[in-house]
Amino acid sequence: MASGALSFYFNRNKTEIIARINTKINENINGKFHVGDFQYKFLTGFPNFTLALKDVELKDNQWNTHKHTLLKANEIEVRLNIWSLLQSEINIHKILINEAQIYVYKAKNGYSNANIFKPKKKKLSETLSETETTVDQIDLNEVHFIVDNRIGHKLFDFDIASLKSKVKYDDKNWQTNVFLKTNIKSLAFNTVHGSFAKEKILEGTFAVSYGAEKDKIDVKTENLKIGKDAFDIVAFFNLAKGNALFGINISTSILWQNASNLLSANISSKLDRFNLKNEIDVNCDIKGDFNAEGDPRIVVQAEVHNNELTIPDGLITDCSFKGIFTNNFKPKAGFTDANSAIILTRFSGKYKNVPLKIPQLSINNLDKPIATGIVNSDFDIQNLNEENTEKWINFTDGHATANLKFQFDIVDLYITKPRFIGNVNVQNASFLFIPKNVNAEKINVELEFTQEALLIKKIAYKHQKNTIFIEGRIDNFLNLYYDAPEKMVVNWDIYCPSLDIRQFLCILASSQKKKTTSKKPSVSNQLRTAIEKCIVDISIKADKIIYNKLTATNTKAQIQMIDSRLVIKNGSLQTCGGSISFSTTVSPKGKNFNFVSNAQVNQVDIASFLKSFSNFGITSFSPDNMRGKLSSSANLTGLINSSGELIRNSAYGNLTFSVSQGALLNFEPIMKVGKFAFPFRDVENITFSDLSGNFKLRGEQVDVNALTISSSVLNMDATGVYSFGRGTNLAMTVPLRNSKDDAKLATQAERDAVRQRGIVLHLLAVDVDGKMKIKWGKKDKNN
């Protein structure tokens with residue numbers, strides 16, 4: 001009966017009611033309000049008076065300029081308090097908006113189509129609650145809601161499936177619980193960077209309150225669903241004129257990828273290159289000004305415990321840390337990527353089984369990221385084999401500790417050019433250097449990285465029976481290591497109690513080049529490149545050096561290793577009762593080694609010296625044929641094999657020598673001459689007052705430019721060609737006089753004066769069918 005009475009009342013007073021509503025709305029707006037039709041809904045919302053407004057449009061006065069309609073709804077249902085209505089007051093109990101579009105637009109000049117409502121006249125506080133129009137409940141169904149703020153490049157776009165809110169008033173203040181289910185089309189605080197939570201379903205209940213004194217809305221919700229994840233949110237929004245500050249705090253436990261999917265594209269594009277296997281505790285704090293351009297201030301904090309972290313450079317297991325992201329690292333420098341930073345504290349984990357501890361790591365400037373921090377590690381060196389994907393070095397034993405300050409660039413989110421200051425200590429390291437098949441055992445190393453150089457201290461290197469103590473320095477290491485390893489000079493000071501040279505020739509062998517399939521430089525191949533390209537400059541001292549059968553003492557030399565060449569300068573040693581000074585270059589040639597050498601030999605025992613060098617490949621006599629002290633000057637090239645043996649007939653160059661206190665025992669060529677020419681002289685045991693020569697070596701053959709023999713049996717001068725194989729053609733001049741007493745003459749001039757007296761034989765030593773034959777004659781001038 002009451003509803004029927006209301007229907008009768010509406011139909012009779014429809015024009016007056018519509019006029020009141022229309023007047024009420026138009027009195028409070030600067031724009032145009034249009035209603036297609038009014039309907040009274042019989043029995044709906046009884047005892048309230050329910051009025052349905054059809055085809056509603058609400059536009060501001062500047063609509064023709066921006067073309068954004070503030071409200072367009074198929075239906076708005078308004079429930080009016082019947083008693084207030086009977087007293088000529090409009091008191092709205094409930095508003096239901098169905099199938100509507102709400103577009104709140106704010107232009108760059110600050111104008112907003114939401115400013116359609118005229119400011120209310122102040123009323124006395126005692127009469128305010130009796131005359132003020134209030135809304136007790138608001139429901140939205142299938143409403144597309146947009147906030148387009150062109151000042152701050154912000155765009156909030158929601159497809160609201162359902163919104164329900166009941167409002168409780170306390171004077172000017174009010175509070176409500178709002179249930180909301182919506183699809184987030186855009187939550188962009190900066191449209192340049194993209195939307196947060198794009199295309200995610202948001203569902204939950206918000207506790208919303210408004211405080212008139214501060215003109216601020218506070219929002220709180222727990223277990224709010226965004227996608228499949230739950231969030232606790234506390235937020236505020238200032239509504240006072242000229243004050244559009246807001247703050248949103250979000251807490252959750254969430255998977256990394258799910259969190260990344262909720263962030264704007266400029267952030268998620270970077271975060272997607274990383275991953276954490278298990279959920280992390282995250283708190284995000286967003287504060288800004290709706291009227292300000294650019295991003296709001298964003299601070300994200302996360303707690304990670306015993307997780308698995310995937311980074312572009314690999315995988316970190318057993319990972320724990322506290323992380324902070326801020327886009328305002330330097331106050332007043334703006335909320336930009338360039339002023340953004342990621343700060344990690346108490347970081348620990350295992351990278352390729354190498355444990356890492358980083359008290360603090362800072363990554364600054366996400367436009368061009370630079371990471372700085374301190375890293376500590378304590379690990380078994382065998383774990384480094386995990387990084388060596390090319391298998392060029394294999395560690396079998398040892399332990400290392402590292403304490404380093406570091407800085408590195410991050411290019412496309414990969415670590416590049418890490419730079420360190422600090423120290424690394426290695427103990428009892430054993431490894432196989434595969435490209436050169438070098439085994440090393442029980443090495444101790446102390447490395448100190450400084451801004452100026454890398455200092456290598458206290459290396460004790462053991463290789464087979466050799467022990468080498470090494471200290472070194474690489475100037476400008478941090479720059480040259482990455483940018484110009486071929487210019488990097490490694491300065492070594494080496495001391496060896498005892499050293500076998502042959503065991504180290506393999507180090508010079510050229511490494512086999514392999515095509516790399518790596519898409520990016522790794523720590524392993526960068527180190528290998530530096531080792532292969534750098535210049536090694538060595539100052540060496542050795543108490544004892546063994547080379548084949550040569551044993552030397554008090555050895556000193558300056559050695560350079562350039563590419564695969566070994567360059568020895570200012571070498572000196574004592575051996576065979578005398579001394580040798582030399583300079584040599586050794587470089588790989590196939591399976592052998594090419595050498596270029598300048599040497600000066602001073603008063604060495606000739607027999608011992610020849611034995612040390614395997615008689616230089618000469619087979620026509622042995623070191624046992626010789627006695628005396630040898631002095632020599634040589635400029636030679638040739639080949640030695642991997643065992644350090646001179647390859648026969650490979651020597652080329654110039655050689656001069658002289659022998660003092662010399663003797664020739666059972667030397668076959670002389671014995672043949674003696675038996676032919678001097679059958680009554682002792683040619684098997686010949687002593688020399690002068691034995692010297694000037695030779696040019698040409699592999700198998702030797703050009704004898706001058707060979708002078710002044711002996712107890714005879715004097716002889718020889719020139720021509722002597723061959724270790726075929727082609728001997730040696731001219732000899734042999735005075736027949738007995739020279740046995742020549743050595744008793746007081747001066748060289750006296751000895752020269754009698755040298756050519758008497759009968760002089762001219763003989764030829766020639767090759768006949770591979771055997772040396774002696775015949776009469778002089779060497780043809782044309783030969």
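The count of cavities of 30 Å³ or more comes to two in this predicted model. A cavity here is a set of points, on a 1 Å grid over the protein atoms alone, where a 1.4 Å probe fits but cannot get out. Grid points are joined across faces, edges and corners, and a volume is the space filled by probe spheres set on the points. Rolling a probe the size of a water molecule over the atoms shows where empty space is left. The largest cavity has a volume of about 110 Å³. It is lined by 17 residues, and those closest to its centre are His193, Asn266, Ile267, Asp295 and Ile298. Lining residues have an atom within 4 Å of a point.

Some ground rules come next. Residues are numbered from 1 along each chain as its sequence is written, and side-chain values use heavy atoms, with hydrogens and water left out. Because this is a predicted model, local features need pLDDT of at least 70 and side-chain atom pairs count only at pLDDT 80 or more, while totals for chains, interfaces and linings use all residues.

How far can the coordinates be read? The guide is pLDDT, the predictor's confidence in each residue, from 0 to 100. The protein chain averages 80, and 83% of the residues score at least 70. Contact means heavy atoms within 4.5 Å. Where pLDDT is low, the predicted coordinates should not be read in detail.

Now the charged pairs. The structure holds 13 salt bridges, each a side-chain nitrogen of Lys or Arg within 4 Å of a carboxyl oxygen of Asp or Glu. One of them joins Lys72 to Glu57, with the closest N and O atoms 3.9 Å apart. Lys72 lies in strand β3 (residues 71-80) and Glu57 in strand β2 (residues 49-60), so this pair ties together parts that are 15 residues apart in sequence. Strands (E, at least two residues) are DSSP runs, numbered from the N terminus. Lys72 is partly exposed at 47% relative accessibility. Glu57 is partly exposed too, with a relative accessible area of 21%. The cut-offs are under 20% for buried and over 50% for exposed, with partly exposed in between (1.4 Å probe, protein chains only).

A second salt bridge links Glu199 and Lys185, at 3.2 Å from N to O. Glu199 sits in the loop between β7 (173-188) and β8 (200-211), and Lys185 is in strand β7, 14 residues apart. Glu199 has a relative accessible area of 43% and is partly exposed. Lys185, at 27%, is partly exposed as well.

Asp285 belongs to strand β13 (residues 280-289) and Arg297 to strand β14 (residues 297-311), so the pair ties together parts that are twelve residues apart in sequence. Asp285 counts as buried at 16% relative accessibility, whereas Arg297 is partly exposed at 25%. Shared partners also join Glu57, Lys59 and Lys72 into one network of salt bridges.

Finally, look at Ser377. This residue is in strand β18 (residues 370-380). Buried or exposed? Ser377 counts as buried, at 10% relative accessibility. A polar atom of the Ser377 side chain lies 2.4 Å from the backbone oxygen of Pro355. Beyond its neighbours within four places in sequence, Ser377 is in contact with Val354, Pro355, Leu356, Ala400, Thr401 and Ala402.

Notes
Helices (H or I, at least four residues) and strands (E, at least two) are DSSP runs, numbered from the N terminus. A polar contact is a pair of N or O atoms within 3.5 Å; within protein, one must be able to donate a hydrogen and the other to accept it, and residues adjacent in sequence count only if both atoms are side-chain atoms. On a 1 Å grid over the protein atoms alone, a cavity is a set of points where a 1.4 Å probe fits but cannot get out, and a pocket is an open set with protein on both sides within 12 Å along at least five of seven lines; lining residues have an atom within 4 Å of a point.
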